[in-house]
Every structure is written in C-alpha cells, then in structure tokens.
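Hi,

Here is the structure I promised to pass on.

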Amino acid sequence: MKMLDAQPETLRQRAERLVHAIKSESSAIEAEIIEVAGQVGGGAMPMVELPGYAIAVSPEDKDVEGLVARLRQATPAVLARVYQERVVFDVRTIIDDQQLDDLAGAICAVMLK
C-alpha cells in the first residue's frame with residue numbers, strides 16, 4: 001500500500017537522490033529525471049495510472065536491450081524497462097535510502113564495465 005500511496009513529490013525527491021547518488025559515483029553516466037505513469041501490478045486494476053517519476057539512462061553504445069539484460073544478470077539483479085530508447089528505473093519501488101544507494105551502485109557497476 002505504501003508504494004501505491006506514494007505522492008508524486010516524494011517520488012521526485014527520491015529520483016533526485018538517485019540521480020545524485022549515480023553522479024557521485026560517476027559523472028560519465030547521464031541520468032535524467034522523467035515523469036512516468038505507473039500501473040498497479042498483476043492486472044488487478046489495469047486502467048489505473050499512478051503518476052510519478054523515474055530516471056532514464058542511455059548507454060554509450062546505444063544498446064538499451066543489452067543494458068537491460070546485463071542489469072538483470074547483475075548482483076544484485078536490477079529490473080528496468082525500455083522507454084523511448086532509454087533504460088528507465090521507476091523509483092516508486094525503492095523502499096529506503098539503502099536500496100537507493102544499492103541501485104545507484106548496481107547501475108554504475110554495469111554501465112561502467
């Protein structure tokens with residue numbers, strides 16, 4: 001319920017913290033905050049859209065599907081989606097600052113290989 005009830009401004013702040021965490025590990029990664037419309041999972045409420053924020057990154061080699069695959073195979077595994085030729089990380093599912101730091105570290109480790 002906490003994820004469903006998260007307010008857009010809270011999500012924007014979370015996205016800003018994630019971008020900052022990524023930039024503090026590597027200024028070589030371009031990360032941008034974007035607006036997204038999330039959906040309630042499992043098909044329970046397919047017409048309900050949840051306004052929020054995510055961050056989007058673009059791999060230097062433009063291989064977004066390859067980046068998504070490498071993220072899934074990383075430790076810890078990271079699930080992301082492709083949207084408008086970029087890899088997108090929705091911050092709605094980040095529970096706390098530790099997860100945020102772990103995600104930033106995982107993104108940097110995979111993108112800087």
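**Helix packing and salt bridges**

Let's start with the helices: H2 (residues 8–25) packs against H4 (residues 97–111) at an angle of about 45 degrees, and their axes are 9 Å apart. That angle makes H2 oblique to H4. Their crossing is right-handed. On the H2 side, the contact is made by Arg-14, Arg-17, Leu-18, Ala-21, Ile-22 and Glu-25. H4 brings Asp-97, Leu-100, Asp-101, Leu-103, Ala-104, Gly-105, Ile-107 and Cys-108 to the contact. Sorted by class, the H2–H4 contact has 8 nonpolar, 1 polar and 5 charged residues. Do keep in mind throughout that this is a predicted model.

H4 also packs against helix H3 (residues 64–73), at an angle of about 125 degrees and with the axes 10 Å apart. H3 and H4 are therefore oblique to each other. Here too the crossing is right-handed, with H3 passing H4. Leu-67, Arg-70 and Leu-71 of H3 make the contact with Ala-106, Ile-107, Val-110 and Met-111 of H4. By class, the H3–H4 contact has 6 nonpolar residues, no polar ones and 1 charged. If you put the two lists side by side, Ile-107 of H4 turns up in the contact with H2 and in the contact with H3.

Now for the charged pairs. How many salt bridges does a search of the whole structure find? It finds 3, and here they are in turn.

Another brings us back to the H2–H4 packing. The side chains of Arg-17 and Asp-97 form a salt bridge at 3.5 Å, N to O. This pair links distant parts of the chain, as Arg-17 is in helix H2 and Asp-97 is in helix H4, 80 residues apart. Both residues are on the list of those making the H2–H4 contact. Arg-17 is partly exposed, with a relative accessible area of 39%, and Asp-97 is partly exposed with 47%.

Then there is the salt bridge between the side chains of Glu-32 and Arg-86, at 2.5 Å, N to O. Glu-32 lies in strand S1 (residues 31–39) and Arg-86 in strand S4 (residues 86–90), so this pair ties together parts 54 residues apart in sequence.

At 47% relative accessibility, Pro-76 counts as partly exposed. Leaving aside neighbours within four places in sequence, Pro-76 is in contact with Leu-71 and Ala-106. Those two residues also belong to the H3–H4 contact, Leu-71 from H3 and Ala-106 from H4. As for Gly-105, it is 29 residues from Pro-76 in sequence and 9.7 Å away in space, C-alpha to C-alpha.

Cheers

Note on methods. Residues are numbered from 1 along each chain as its sequence is written. This is a predicted model: local features need pLDDT of at least 70, side-chain atom pairs count only at pLDDT 80 or more; totals for chains, interfaces and linings use all residues. Side-chain values use heavy atoms; hydrogens and water are left out. Axes are lines fitted to C-alpha atoms, for helices over the stretch in contact, and angles run from 0 to 180 degrees between N-to-C directions. Helices (H or I, at least four residues) and strands (E, at least two) are DSSP runs, numbered from the N terminus. Angles under 35 degrees count as roughly parallel, over 145 as roughly antiparallel, 65 to 115 as roughly perpendicular and the rest as oblique. A crossing is left-handed if the near helix is turned anticlockwise from the far one by less than a right angle, and right-handed if clockwise. Contact means heavy atoms within 4.5 Å. Ala, Val, Leu, Ile, Met, Phe, Trp, Tyr, Cys and Pro count as nonpolar, Asp, Glu, Lys and Arg as charged, and the others, Gly among them, as polar. A salt bridge is a side-chain nitrogen of Lys or Arg within 4 Å of a carboxyl oxygen of Asp or Glu. Buried means under 20% relative accessible area, exposed over 50%, partly exposed in between (1.4 Å probe, protein chains only).
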